[in-house]
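Biologist: I would like to learn how to read a model of this kind, feature by feature. Could you take me through one, giving the general idea before the particular case?

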Amino acid sequence: MPRVDTEIFYGSALDTYGETAEGVHWTSTETQEVRFRVLRSFLPPDLSRLTLADAGCGFGDLLAYLERTGDRPKRYIGLDVMPPMVEAARRRTGCEIHVLDILDEGSVLPEADVYLCSGAMNTFTREETRRFIERCLEASRHGFVFNLLKGWDTSPIYNLYQPREIKHLAQALEVDYQIHEGYLAGDFSAAFWKVPFGVRAPG
């Protein structure tokens, strides 16, 4: 059973705050970009040869951040379950953006070198989180980079984890992992690598 109704949860924020960080339930643009910076730190120095897929792309803010920092990837693909956000992301990025529910087993995910996710798992159940991670890994050549809220799993709305739980998940999935915490209270990031950079990925 989902923790929240996604359309109501994000639709109400969009109606209230518009195409802003608050409109995708972040506290501010500043904290949103701190998270983007940490996700970027897991990636190779040169993104110009990589295809990145942004799972739960919202308005395409991750690409806007990368472009501002001179880090535009070779190709950016956005995926989101909310049609109004997809429309905004298409308009703002000019890139390939799809309405797609990653948790829908019938959906076909586009292949990318790396999948990234900032915030889209924040209202998932434990089962949904694991399946989302598995599907993003399956569709990636190298791996999946993501953030989660840090804490104990006691919230009826938010999906909180302890970093050691994610370490154990990486071990269960038999992938290399990196975890970064301490940059914001109540948040941490991880990278799951099935093919580390420097090793040729299939395809």
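Modeller: Let us begin with a single side chain: Phe-146 is buried, with a relative accessible area of 1%. Bear in mind throughout that the model is predicted.

Biologist: Which ring is paired with that of Phe-146, and at what angle do the planes lie?

Modeller: For a pair of rings one reads the distance between the centres and then the angle between the planes, and planes over 60 degrees apart count as edge-to-face. Here the rings of Phe-146 and Phe-192 have centres 5.2 Å apart and planes at 85°, so the pair is edge-to-face. Phe-192 is buried too, with a relative accessible area of 0%. Because Phe-146 belongs to strand S5 and Phe-192 to strand S8, the pair ties together parts that are 46 residues apart in sequence.

Biologist: How many aromatic pairs are there in total, and which residues form a cluster?

Modeller: The count comes to five aromatic pairs, and one aromatic cluster is formed by Phe-124, Phe-132, Phe-144, Phe-146 and Phe-192. A ring can also take part in another arrangement, with a charge over its face: the charged end of Arg-126 sits over the ring of Tyr-161, 3.6 Å from the ring centre.

Biologist: What is Tyr-115 in contact with, beyond its neighbours within four places in sequence?

Modeller: With those neighbours left aside, the contacts of Tyr-115 include Ala-53, Leu-79, Leu-109, Cys-136 and Phe-144. Leu-109, one of these partners, is found in the loop between strand S3 (96-99) and S4, and is buried, with a relative accessible area of 13%.

Biologist: How should I read a helix, and which residues of helix H3 are buried?

Modeller: An α-helix has 3.6 residues a turn, so residues three or four places apart point the same way. In helix H3 (residues 61-68), the buried residues are Asp-61, Leu-62, Leu-63, Tyr-65 and Leu-66. They pack against helix H2 (29-41), strand S1 (51-55), strand S2 (75-80), helix H4 (83-93) and strand S4 (112-117). Just after H3, Gly-70 takes a positive phi of about 75°.

Biologist: Is Ala-185 buried or exposed, and where does it lie?

Modeller: Ala-185 counts as exposed, at 79% relative accessibility, and lies in the loop between strand S7 (176-181) and S8. By contrast, Gln-162, in the loop between strand S6 (160-161) and H6, counts as buried at 11% relative accessibility. Leaving aside neighbours within four places in sequence, Gln-162 is in contact with Gly-151, Trp-152 and Phe-188.

Biologist: How many helices and strands does the protein have, and what share of its residues is buried?

Modeller: The secondary structure comes to six helices and eight strands, running α-α-β-α-β-α-β-β-α-β-β-α-β-β from the N terminus on. Buried residues make up 55% of the 203 residues. Among contacts between residues at least 6 apart in sequence, 65% join residues at least 24 apart.

Methods: Residues are numbered from 1 along each chain as its sequence is written. This is a predicted model: local features need pLDDT of at least 70, side-chain atom pairs count only at pLDDT 80 or more; totals for chains, interfaces and linings use all residues. Side-chain values use heavy atoms; hydrogens and water are left out. Buried means under 20% relative accessible area, exposed over 50%, partly exposed in between (1.4 Å probe, protein chains only). Helices (H or I, at least four residues) and strands (E, at least two) are DSSP runs, numbered from the N terminus. Contact means heavy atoms within 4.5 Å. Rings of Phe, Tyr and Trp (its six-membered ring) pair if their centres lie within 6.5 Å; planes under 30 degrees apart count as stacked, over 60 as edge-to-face and the rest as tilted. A charge sits over a ring if NZ of Lys or CZ of Arg is within 6 Å of the ring centre and within 35 degrees of the ring normal.
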